[in-house]
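I opened my notebook beside the model. These entries record what I looked up, one topic at a time.

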Amino acid sequence: MQSLYAFNGTEGDDLSKDESFLFHSLYSMYDLYLSILALLSELHKKSKDYNEKLQKKLLSTESDKNPNTKFQDNQVLSLITENTMLNDIIGKRKLNFWDLDFEYVDILFKAILKSDIYRDYIQDNEVFFKNDKQFVLDIYTEIIAPNDQLYDFFEDKKLTWLDDLPVVNTVLLKVLRKLKPTSPETALLPDLYKDEDDKEFAKLLLHKTILNASKFDEEVGKKTTNWDSERLASIDGILLKMALCEFQKFPSIPYKVTLNEYLEIAKEYSTPKSSLFINGILDKIVREYQSENRNYKTGRGLM
């Protein structure tokens with residue numbers, strides 16, 4: 001989608017640059033994912049640091065001498081911090097910039113300590129992996145991900161990361177939810193592509209959407225005469241063209257799968273009303289295909 005949004009050429013242009021931009025964007029997205037894991041690791045280390053400083057205070061209280069260590073003992077955070085493969089990749093790609101930008105770690109750590117999430121967590125005397133996991137999920141969704149200063153930091157670090165954040169957040173939470181105490185180190189390192197076919201699909205979708213852009217524009221235009229033209233020039237228009245490309249050029253993908261996929265993307269990336277707009281247009285197009293017996297799909301059950 002980003003590649004199509006950035007595209008300003010014509011259907012006859014050489015698409016090699018756009019293809020390079022596509023794959024660069026995907027690798028950049030993975031860098032963001034790794035940098036957030038590095039941030040979680042630094043917050044974990046910070047908790048140990050914090051407790052050690054409490055114990056060394058000259059005028060320490062009893063609670064300072066015996067601080068609650070649930071945060072530093074969190075089993076999920078330990079899996080992240082102690083993951084050798086993850087640490088090697090982060091190091092090689094130079095993504096642990098939190099040592100230099102430590103103020104963001106401090107801001108988030110203080111916000112966590114002040115939160116009801118943390119209070120409830122340390123007051124629970126039960127030590128279960130599922131509780132540790134829920135704590136990490138809660139602090140990420142309620143404190144870390146919505147933090148405006150962190151958002152600004154990512155924008156300054158790499159502009160495209162702002163567009164990547166919704167997808168990366170979704171992937172990260174999915175990975176964390178699947179973690180088990182016995183999970184291998186690779187569980188935190190999902191493949192960028194499921195396989196070579198997945199990578200090839202991304203490239204073909206880009207190429208075929210661009211090469212058929214005029215045709216798709218015309219088809220969408222016929223169904224949107226009462227809609228603001230600016231909407232079609234925005235992300236909504238791009239999503240509609242991508243969906244039409246899947247409808248017509250990828251015979252093995254059922255219409256329903258494409259419809260659901262682009263509705264979800266619209267919810268994440270476009271305006272609040274976009275999913276309704278896109279659903280209405282695509283549903284109308286599919287019904288037209290069916291009434292005119294224009295069958296772009298092969299195989300049973302793909303309508």
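Entry 1: I started with helix H12 and listed its buried residues: Ala213, Phe216, Glu219 and Val220. Buried means under 20% relative accessible area, exposed means over 50%, and partly exposed lies in between (1.4 Å probe, protein chains only). I then looked down the axis of H12: the buried residues fall within an arc of 130°, so they line one face of the helix. The arc is taken from the directions from the helix axis to the C-beta atoms. An α-helix has 3.6 residues a turn, so residues three or four places apart point the same way. On the face of H12 turned away from the buried side I found the exposed residues Glu218 and Lys222.

**Entry 2: what I am looking at.** This is a predicted model, where local features need pLDDT of at least 70, side-chain atom pairs count only at pLDDT 80 or more, and totals for chains, interfaces and linings use all residues. Residues are numbered from 1 along each chain as its sequence is written, and side-chain values use heavy atoms, with hydrogens and water left out. I noted 16 helices and zero strands in the chain. Helices (H or I, at least four residues) and strands (E, at least two) are DSSP runs, numbered from the N terminus. Of the 303 residues in the chain, 44% are buried.

**Entry 3: H12 on H14.** H12 (residues 213-222) packs on H14 at about 105°, with the axes 10 Å apart. Axes are lines fitted to C-alpha atoms, for helices over the stretch in contact, and angles run from 0 to 180 degrees between N-to-C directions. That makes H12 roughly perpendicular to H14. The cut-offs are under 35 degrees for roughly parallel, over 145 for roughly antiparallel, 65 to 115 for roughly perpendicular, and oblique for the rest. I found Phe216 and Val220 among the H12 residues in this contact, and Leu240 and Leu244 among those of H14. Contact means heavy atoms within 4.5 Å.

**Entry 4: H14 on H16.** I moved on to H14 (residues 235-249) and H16 (residues 274-291), whose axes come within 11 Å and cross at roughly 30°. H14 and H16 are therefore roughly parallel to each other. Leu240 and Leu244 of H14 take part in this contact, and H16 brings residues including Phe277 and Ile281.

**Entry 5: a loop residue.** Is Asn83 buried or exposed? At 3% relative accessibility, Asn83 counts as buried. Asn83 lies in the loop between H4 (75-81) and H5 (84-92). Leaving aside neighbours within four places in sequence, Asn83 is in contact with Glu185 and Leu188.
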